[in-house]
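Subject: Structure for your review

Dear colleague,

Please find the structure below, followed by a short account of what was found in it.

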Amino acid sequence: MGATQPTVTGSANRALIGATIGFFIGAGSVSLFGPTAHIFLKAMHLSPQQVGLLVAMPMLTGSLLRIPFGASVDRNGGRLPFLVLLIASVIGIAGLYWMLLTLYPNHLTEKYYPMLLTFGALAGCGIATFSVGIGQVSYWYSKKKQGWALAVFGGLGDSSPGFVVLILPAVIMTVGLWGGYLFSLAIIIVGIIIYYLMGLNAPYYQFYKRNHDTARATEEAKKYGQELFPTGGTWHTLLLSAKHWRTWPLVILYFTNFGGFLALTAWLPIFWQTYFHVGAFHSVVLTAVFSLIAAFIRVYGGKLSDEMGGEKTAVISLIVLLVGSVIMTFSSLLWLTIIGEILVGAGMGVNNAAVFKLVPHYVPDAVGGTAGWVGGLGCLGGFAIPPILGDIVALVGINGYALGFGIYIILSILCLLLVWLLYRTRANLTAHLSR
């Protein structure tokens, strides 16, 4: 009898669905504090800077952990680190639930602010599943389909903050603040179960786990259409991608567009209520509109990147972002600022897709490591920008809420220059890879 033909469990589409659902659940912690910041502000008597740090805290761990966890995909395929991050997020949200159940409203004072930050940091671990999923999905799909697959993963996953902004306040109004966090806890547990069942590693990792033979695993995985393969362990791929200077323009692009997206998702409810005196419900709706536009248009951005190329798509989206940023910075009219918000969201969403179309092209020998650097340091924009916006308000006064958006004018111009630089050196990259 002949030898049994090695088989692969799962498929590319099944893995994409599992990773997308897992990231969707994990990314929801971005908006844990945004819709409820005004409640903590009143109960704990927080300053604008403290509120800015609070809404940004989940992004800190969610950003930094993307670097090592994203790179670890090159070694283990992604399934294990994905589950570890989601479980850490469960612990953080459970801690917030316990804290609110026992302290809110009468005993939740400013002295518990460090504890609030700590549990928020743990909850933010779920955001780091993004860079893990990028690597995991990339290894499943051919290069021709990666733009679409990664845009579906990132775009649908990124829609989570928008839905949280809409749903969490409604839940809180029905069952109370602690009930809202209990609801979040239940949702992420369900997400872990779904990911566990569907988020399978690419063929290479399945074959390698069976026989620990790199050459044989590569040969068998090619029969199932896998085109990208790891070049080393976690630290090797991090160092290799760090040595590619093209990694760092991609980091800045993602800092501006995805980090900026996270920052605005957390900051906009405060902006609408304080600057334009919009009611709580309408401020939530306006923020959700921004978040969902940026998320869903990312899917179209992936398709556009496959057809037009990542560089051209990036340029178009950055021009849209620049126009929207100018409007939001200088407009004092509500309707015009809403138009600016929509343009900013659309520009950020399309550019996020373009960036990860460029990653496998510019750093093809260290995709996981590059995804870690880009996703991790890029995501830091969500942590760094809200406190700056709070500082501008503290310095300038109420007008600082609008003038703070000038940060995005500066960043979008810088990103346009960086895309031009990447495009100008594209021929040099081709020559280097052919040697």
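Helix α3 (residues 48–64) and helix α6 (residues 113–123) have axes that come within 6 Å and cross at roughly 30 degrees. Helices here are DSSP runs of H or I with at least four residues, numbered from the N terminus. Axes are lines fitted to C-alpha atoms over the stretch in contact, and angles run from 0 to 180 degrees between N-to-C directions. Helices α3 and α6 are therefore roughly parallel to each other, a term for angles under 35 degrees.

This is a predicted model, in which local features need pLDDT of at least 70 and side-chain atom pairs count only at pLDDT 80 or more, while totals for chains, interfaces and linings use all residues. Residues are numbered from 1 along each chain as its sequence is written, and side-chain values use heavy atoms, with hydrogens and water left out.

In α3, Gln50, Leu53, Leu54, Met57, Pro58 and Thr61 meet Tyr113, Leu116, Leu117, Gly120, Ala121 and Leu122 of α6, where contact means heavy atoms within 4.5 Å. By class, this contact of α3 with α6 has nine nonpolar, three polar and no charged residues (Ala, Val, Leu, Ile, Met, Phe, Trp, Tyr, Cys and Pro count as nonpolar, Asp, Glu, Lys and Arg as charged, and the others, Gly among them, as polar).

Helix α13 (residues 247–275) packs against helix α15 (residues 310–330) at an angle of about 30 degrees, their axes being 13 Å apart. That makes α13 roughly parallel to α15. Leu253, Thr256, Asn257, Leu268 and Phe271 of α13 make the contact with Leu318, Leu321 and Met328 of α15. Six of the residues in this contact of α13 with α15 are nonpolar, two are polar and none is charged.

Yours sincerely

Notes
Helix = DSSP H or I, 4+ residues; strand = E, 2+ residues; numbered from the N terminus. Parallel < 35°, antiparallel > 145°, perpendicular 65-115°, else oblique.
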